[in-house]
Amino acid sequence: MQKSFCLIIFLIFFSPFITAQEIGVRFGDMYGNNIAIDATIPIKDKRIHTTVSFGDNIGVDALYDFAVESIFRSPDLHYYAGVGLSTLFATEFKLGVMGEVGIEYSFPRTPISLSLDYRPAIIVLEKMDFVYGNFGMNVRYIFR
């Protein structure tokens, strides 16, 4: 009950700052998982990028994309870069810091975006590790 109340307060407080939202699917390698629910929430010229991955385990990534810029002055083609936290709920709990760099194309006449990204991570909890194979493709629906 208390979590629901906090979520409602958060949404009420931040809803004036949210201009659009994207939600979709991410395919690729995420700690052995291979499919995820992927979402972005734009905040001015930056955004929050979250992923919940499924498969053998459950993983959650929350990234702050501090750079979301046009390529070749195109309103539809962007690159993005960010950092954030990554967790994995498995037999061993893992927590780490993750980076992200990617390229994204939003179709001008349909509310669909496609992106390719790379997310290396440094795991600091349960056992120190470097995860370097996190390549993925995102297909998201854009709410306008």
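Colleague: Which residues are linked in a network of salt bridges?

Modeller: Glu22, Arg26, Asp38, Arg47, Asp61, Asp65, Glu100, Glu104, Asp117, Arg119 and Arg140. A salt bridge here is a side-chain nitrogen of Lys or Arg within 4 Å of a carboxyl oxygen of Asp or Glu. Note that this is a predicted model, where local features need pLDDT of at least 70, side-chain atom pairs count only at pLDDT 80 or more, and totals for chains, interfaces and linings use all residues. Residues are numbered from 1 along each chain as its sequence is written, and side-chain values use heavy atoms, with hydrogens and water left out.

Colleague: How many salt bridges does the structure hold?

Modeller: Eleven.

Colleague: What does glutamate 22 form a salt bridge with?

Modeller: Arginine 140, with the closest N and O atoms 2.9 Å apart. Glutamate 22 is in strand β1 (residues 21-30) and arginine 140 in strand β10 (residues 135-143), so the pair ties together parts 118 residues apart in sequence. Strands (E, at least two residues) and helices (H or I, at least four) are DSSP runs, numbered from the N terminus.

Colleague: Is arginine 140 buried or exposed?

Modeller: Buried, at 1% relative accessibility. Glutamate 22 is buried too, with a relative accessible area of 10%. The cut-offs are under 20% relative accessible area for buried, over 50% for exposed, and partly exposed in between (1.4 Å probe, protein chains only).

Colleague: Which aspartate does arginine 140 form a salt bridge with?

Modeller: Aspartate 38, where the closest N and O atoms are 2.5 Å apart. That pair links distant parts of the chain, since aspartate 38 sits in strand β2 (residues 33-43), 102 residues from arginine 140 in strand β10. Both residues are buried.

Colleague: And what about arginine 47?

Modeller: Arginine 47 forms a salt bridge with glutamate 104, the closest N and O atoms being 3.4 Å apart. Arginine 47 lies in strand β3 (residues 46-54) and glutamate 104 in strand β6, so parts 57 residues apart in sequence are tied together. Both arginine 47 and glutamate 104 are buried.

Colleague: How many bridges join β4 to β5?

Modeller: Twelve, between β4 (residues 58-70) and β5 (residues 77-89), which run antiparallel. Two strands pair if DSSP finds at least two bridges between them. Alanine 62 has leucine 85 in β5 as its bridge partner. The two strands form a hairpin with six residues between them, and phenylalanine 72 in the turn has a positive phi of about 55°.

Colleague: How many residues are between β5 and β6?

Modeller: Four, and those strands form a hairpin as well. Twelve bridges join β5 to β6 (residues 94-106), again antiparallel.

Colleague: Which residues make up the largest nonpolar core?

Modeller: Seven of them: Tyr31, Leu63, Leu88, Met98, Ala121, Ile123 and Val131. Such a core is a set of buried Ala, Val, Leu, Ile, Met, Phe, Trp, Tyr and Cys residues joined through side-chain atoms within 4.5 Å.

Colleague: What is tyrosine 31 in contact with?

Modeller: Leaving aside neighbours within four places in sequence, tyrosine 31 is in contact with Asn57, Ser86, Thr87, Leu88, Met98, Ala121, Ile123, Val131 and Asn134. Contact means heavy atoms within 4.5 Å.

Colleague: What percentage of the protein chain counts as buried?

Modeller: Of its 144 residues, 34%.
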